[in-house]
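Thanks for making the time this morning. I would like to walk you through one structure, so please have a look at it while I talk.

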Amino acid sequence: MATTSSMFMYALTIQPPSAITQAILGQFAGTKEQQIITASGSLLTIHRPDPQQGKVATILTHDVFGIIRSLAAFRLAGSNKDYVILGSDSGRITILEYVAASNKFNRLHLETFGKTGIRRVIPGQYLTVDPKGRACLIASVEKNKLVYVLNRNAQAELTISSPLEAHKPQTLVYAMTALDVGYENPVFAALEVDYTEVDQDPTGQAFEELEKHLVYYELDLGLNHVVRRWSEPVDRTASILFQVPGGTDGPSGVLVCGVDNITYRHSNQDPFRVAIPRRRGATENPERKRSIICGVMHKMRGAFFFLLQSEDGDLFKVTLDMVEDESGQMTGEVKRLKIKYFDTVPIATSLCILKSGFLFVATETGNHHFYQFEKLGDDDNETEFDSDSFPANSKEPYEPAYFHPRGAENVNLVDSIESMNPIMDCKIANLTEEDAPQIYTVSGTGARSTFRTLRHGLEVNDIVDSDLPSVPSAVWTTKLKREDEYDAYIVLSFSNGTLVLSIGETVEEVTDTGFISSAPTLAVQQLGEDALLQVHPRGIRHIQANGRVNEWPAPQHRTIVAASTNERQVAVALSSGEIVYFELDVDGSLAEYDERREMTGTVTCLSLGEVPEGRVRSQFLAVGCDDSTVRILSLDPDSTLENKSVQALTSAPSALSIMSMIDATSGGSTLYLHIGLYSGVYLRTVLDEVTGELSDTRTRFLGHKPAKLFRVSVMGQPAVLALSSRPWLGYADLQTKAFMLTPLSTVSLEWAWNFTSEQCPEGMVGIHGQSLRILSIDRLDNNLLQHSIPLAHTPRKMLRHPSEALYYIIESDNNVLPSDVRKKLQNGEGLSNGHSDSKAVVNGHKPELSREEFGYPKGDRYWASCIQIVDPIGEKTVIKQIDLENNEAATAIAAVSFASQDDETFLVLATGKDMIVSPRSWSSAYLYVYRFQDDGKDLEFIHKTEIEAPALGLLAFQGRLIVGVGNKLTIYDLGMRQLLRKCQAEAVPNLIVGLQTQGSRIVVSDVQDSVFYVVYKQNDNLLIPFCDDSIPRWTTCSAMVDYETAAGGDKFGNLWLVRCPSKASEEADEDGAAAHLTHERSYLQGAPNRLEQMCHYYAQDIPTSIQKTQLVAGGRDVLFWTGLQGTLGVLVPFVSREDVDFFQSLEQHLRTEDSPLAGRDHLIYRGYYVPVKGVIDGDLCERYMLLPNDKKQSIAGELDREVREIERKITDLRNRVAY
């Protein structure tokens, strides 16, 4: 990395991409349970489906720092474990094993075969494995195929051979699969086109006569080489292959799927062909042909079937009938191919059928779905089509097959995995006036689009919410005996007394517990084997199991102000500053320690900590005093109440908790002292179990109320609940074991305690005002909570109302029938482009299908577009929809306050009519002006203005509107009947796609030429470009970071910051500089000046929005960006050079010590298109936490730091600015 850069950023991912490109199924843990492995961008994720609960849980996510191109699972003969083969952009084939014991991927083999990057002739695009796990074939789009033989050696370890070549030049491969041939020589099938003759024929005749071939490649295991065994022409539209079971299970061969047909092919069998059924309905075009985009084959005992999906999302069940001999046995010869409609699910990239009867659908856009099979569609009355009705030759005519889509009957949705792919736009705002802002995004496509509100927090289940007679101050739960599994009592303390409730089928008040009810309570504890303890201001009450009560009264004129207890020890602080310590005797009575320790100030809180297993007492007592200190006192019999250590604080402590928690650094558990301050700050510090020393303090601001701390249990691990202005939970992350502190998505609580009962084995009981709440937390793996509002069409841009909590979203879908055309068709009126048919009228009375499940009916060159107004806070729904007519589609939106209209704000919308995306064309384009009505909840149309081309950039600028039309920048003012053009200039060479402004400066994004800085000279009424970039960047989004710096993203997945030279910036703003700027010589056919590149980083997701914002309360400004595949990320500016040097060194060490799993070089990966500059990869730095202890120690030694210090720096950098 160039150390000369004056600006450094730290790149962090807040939410990894959620778009799944491929999913595979296997028994990767070596048990009978199946897991799903998915690839999303550079992430490899393993999921565990739970058949009992019908849920899918993520076990492990690993960033391979490379692009995953293909995945395959295989199993060696006789083994019980599946391995993973990975094809990536590293030019290497990787074989991985999942190690369940340590929950990580282990790389077994890494074989280099070609150059890096995704190239046409470098294998990795296609990957297929012999069903018996004997060999795999990895192929490129053109020419090259490599076969690797997989075996095991004498030590039963997996081995991989040298590659065997099966290259054929000037051949394009469209699809590939392995044949199921039992234990004969492995055979691989490919769809190929040889373009040798096409290349040499200028007339185009050869292209018209070109044939696509199905080719079999056989690996001869005896001779150890690959031969091209069989080749046969197939339908020219064929695009995908599916393996048909062979050996004892079926006839072998492949299904070849093309446009409107599925054909069974094999070298020794006749072909059988069926048409893909088309949808029947009033709004469907009967001439539109479908093709198969995805599918899965599933074997059951003695049978198999295929589920194949068309581009509408319809699943078809395909089966093969076999010829039987005289005795009724299958002969292995195919008789016919059959197809029938099964159900409709969202369009998928991968389908996986689990043995437990579930279907996992990795959807192309939106949430991924997990279905349960209700039945296999054998006994329904759906029409079944077979190959007897269709000719085997693809050139012969046939009668199309039709079906009526219906609601799901065979599969039932049981779980949905949240996915924000694709994120189209995003805004960050604090509409609810909470501590931290919320993230508002629009994502999805078609009818499955959503408006989502994201909040940092853990999901909380409210189990009970009941009102109490008055406002309690505290609550506890207690068991009756030590061995009890569940709590027996809830104890509530009020200002004038105590209430005890028993927990059973119902919760009711009890009075015969021995607790004193006339005084408030300070602490409750189940003591020893079967006794109870109550601490109140006037003394301590020890209630034996036989009902006897021992009372220890507080000394005269003194009261108890703080108390802490565990099952064997009690410590109380008196108002005089004295500490009294008790321990449980052998006979079960409480014995007071002879001496009392007097503290210098008033004691505000105490903590004893739990008794460690195998010990009789907790070693330490933590005491917090109002002189802003915490002291650790020893409880050892030899040195009782002696001072061990002291820590000074910034404010008086309000709560303390000594707790043992899982720790990433030590690999086991560590004793921590958690401290809450009156200022709302939380501190966590390591408490040495031998010396009592305090070290490695970490701080976090929680809120403006004093922090209270409670020990709770969540998902089987100890956690700390911290209450301030909102509740927070401190726990160990399930994967990294690092300490996480996350807010809870519930009301603020004044007090809380752990709660266990039969109905709720792990919960918490808390107080909110005058109500008692019981809550539980079921998931710790997702700390971003999403709330979705469905939208009508694919969202393109979103805009916030200038003052109200409302969002305006422009949506448009291409090649989709708009609502007015759909209504016409349902009423039986025909259309000009093939949609009218006699059957449509008959079906006009059928109810319209659910658009979310079945999508919109397609219509060539139609646009369906609208504006929707969303209220995400109040009504949490779409409150108004305005449809666009005449085949217009919205392209841009802006809120503009016009100075000529007394600064009233109007909504301006840009549209294009009859647009064709590529090559770009349109019949006309308009700017619509709307007035806000009813506090923005409605829009009133004012007028529309025709413009030369659809505008992709609109912006409010100095009381007027600035519009990017084509490559021209135009300023408009609002007139009575239309917008009035005031100024125009050619600003960019190609097409304006975005505008940003500060002062009189406008930053203009060009579709393929980075950003241009333009200045507006008001006196001369001129727009003058004065600075541009030297690198042609295909800009997708941009934002001004400051007056001279712009940040942006491009369509190749890069993020960059560019800065205008200060001299050029000052010259452009000088008064009277217009003449000088207009006549200044252009430099290399561009603007007179060039932008300097400050930072450049490859993020591997196409940025769709970028903005400068804060994410946490009191945090620094960061650059927040969203990626098309569902990524949320931040770029954090470094403040000190010292931090830069430290993280640079750490990054370099991690590149060598923890090299990427798929063999990609990390530095080259992050500099994919342009060398990385001024950015440190935070995702790589955070992998330090996951390293084994010896590697951590060696890196720490090289950096001359402690392991804990490095970990603190990494976590602090994230916690200060993000989640």
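Predicted model: local features only at pLDDT ≥ 70, side-chain atom pairs only at ≥ 80, totals over all residues.

Now to the helix pair. Two packed helices are described by the angle between their axes and the distance between the axes. Helix 11, residues 1189–1199, packs against helix 12, residues 1203–1217, at an angle of about 85°, and their axes are 9 Å apart. With that angle, helix 11 is roughly perpendicular to helix 12. On the helix 11 side the contact is made by Lys1192, Gln1193, Ala1196 and Leu1199, which meet Val1203, Ile1206 and Glu1207 in helix 12. By class, the residues of this contact are four nonpolar, one polar and two charged.

Helix 12 comes up again when we turn to the cavities. Rolling a probe the size of a water molecule over the atoms shows where empty space is left, and a search of the whole structure finds five cavities of 30 Å³ or more. The largest cavity holds about 140 Å³ of space. Which elements each supply at least two residues of its lining? They are strand 57 (681–687), strand 58 (694–701), strand 62 (739–743) and helix 12. Among the lining residues of the largest cavity are Tyr682, Arg684, Arg700, Met740, Thr1211 and Asp1212, and by class that lining has four nonpolar, three polar and four charged residues.

The second largest cavity has about 90 Å³ of space. Of the 14 residues that line the second largest cavity, the closest to its centre are Asp663, Arg684, Arg698, Ala738 and Phe739. The largest share of this lining, three residues, comes from helix 12, and the classes here are six nonpolar, two polar and six charged.

Finally, some backbone details to look at in your own viewer. Most residues other than glycine have a negative phi, and most peptide bonds are trans. Against that background, the peptide bond from Asn421 to Pro422 is cis, with omega near -5°, and Pro422 sits in the loop between strand 33 (411–417) and strand 34 (423–429). Ser918 and Pro919 are likewise joined by a cis peptide bond, for which omega is about -5°; the place of Pro919 is in the loop between strand 72 (904–913) and strand 73 (924–933). As for phi, His557 is not a glycine, yet has a positive value of about 60°, and His557 is found in the loop between strand 45 (549–553) and strand 46 (560–565).

That is what I wanted to show, and I am happy to take questions.

How values were computed: Residues numbered from 1 in each chain as written. Heavy atoms only, no water. Axes fitted to C-alpha atoms, helices over the stretch in contact; angles between N-to-C directions. Helix = DSSP H or I, 4+ residues; strand = E, 2+ residues; numbered from the N terminus. Parallel < 35°, antiparallel > 145°, perpendicular 65-115°, else oblique. Contact = heavy atoms within 4.5 Å. Nonpolar A, V, L, I, M, F, W, Y, C, P; charged D, E, K, R; others polar. 1 Å grid on protein atoms, 1.4 Å probe; cavity = no way out; pocket = protein on both sides within 12 Å on 5 of 7 lines; lining within 4 Å. Points joined across faces, edges and corners; volume = space filled by probe spheres on them.
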